[in-house]
Amino acid sequence: MEMDQSLLKGIFEKAASSHNKICPRVVLGGRIGLAGAEVMGMEVPRHDKRLLIILETDGCFVSGIEASTGCSVNHRTLRVEDYGKVAGTFVNVKTGVAVRVAPRRGVRERALNYAPEEKKRYFAMLKGYQVMPLDELLTIEDVVLSKPINSIISRAGVRVNCENCSEEIINEREILQDGKVYCQACAGPAYYQTSPNEPIATELIINHGMSSGLGD
Ligand SMILES: [Zn+2]
Ligand SMILES: [Zn+2]
């Protein structure tokens, strides 16, 4: 099946508004977004929360996915599990059915065959990815999520406080340890550690910018 070039063009225009230049990874994102939605039998771009996409890297690729599917982090329909891979899993939130879409091995080299007139590899990929047949470009496989979809999505309005740092935790992301409720940072390992430096004096920042009513 041939790729509808006017559809892709519309996606690139949308992606360019957030990305400012179309690059090969934006194209891959656009095509992966369309292919994933199609196998899921879902029309895109979506304006609801039926489709959740879990991407395996951040960066340019995300612009193409967002523009083609309408999914986004702020709508809680897109998230990143950073494996450093240009790939993504499409989940039907109602049924939990999931497919994973990734570029086929050797896709860079194969793209060159679709743009033989381009001398630079970058431009050959940019063009090749747009016109390559789906089965040469991507692999699509059924997958089973390791966690139930309901626990991945969670529910609005649930919140608890960490018994160590007392910060609020939403979306049931707390950890239970010895009968106590902890945030993931306190339960560890966290992506950050507390610095040995003096804490930043927030009242100085506040007083500098606006009257807090607390100072002199
Ligand atoms: Zn880019
Ligand atoms: Zn905590």
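Modeller: Helices (H or I, at least four residues) and strands (E, at least two) are DSSP runs, numbered from the N terminus. This is a predicted model, with local features needing pLDDT of at least 70, side-chain atom pairs counting only at pLDDT 80 or more, and totals for chains, interfaces and linings using all residues. Residues are numbered from 1 along each chain as its sequence is written, while chains are lettered from A and ligands numbered from 1 in the order in which they are written.

Biologist: How many bridges join strand 3 to strand 4?

Modeller: Strand 3 covers residues 88-92 and strand 4 covers 98-103, and the two run antiparallel. Within that pairing, Phe90 stands opposite Val99 of strand 4. The number of bridges joining the two strands is 4.

Biologist: Are helix 2 and helix 5 roughly parallel or roughly antiparallel?

Modeller: Their axes (lines fitted to C-alpha atoms, for helices over the stretch in contact, with angles from 0 to 180 degrees between N-to-C directions) come within 9 Å and cross at roughly 10 degrees. Angles under 35 degrees count as roughly parallel, over 145 as roughly antiparallel, 65 to 115 as roughly perpendicular and the rest as oblique. So helix 2 and helix 5 are roughly parallel.

Terms used:
Pairing = 2+ DSSP bridges.
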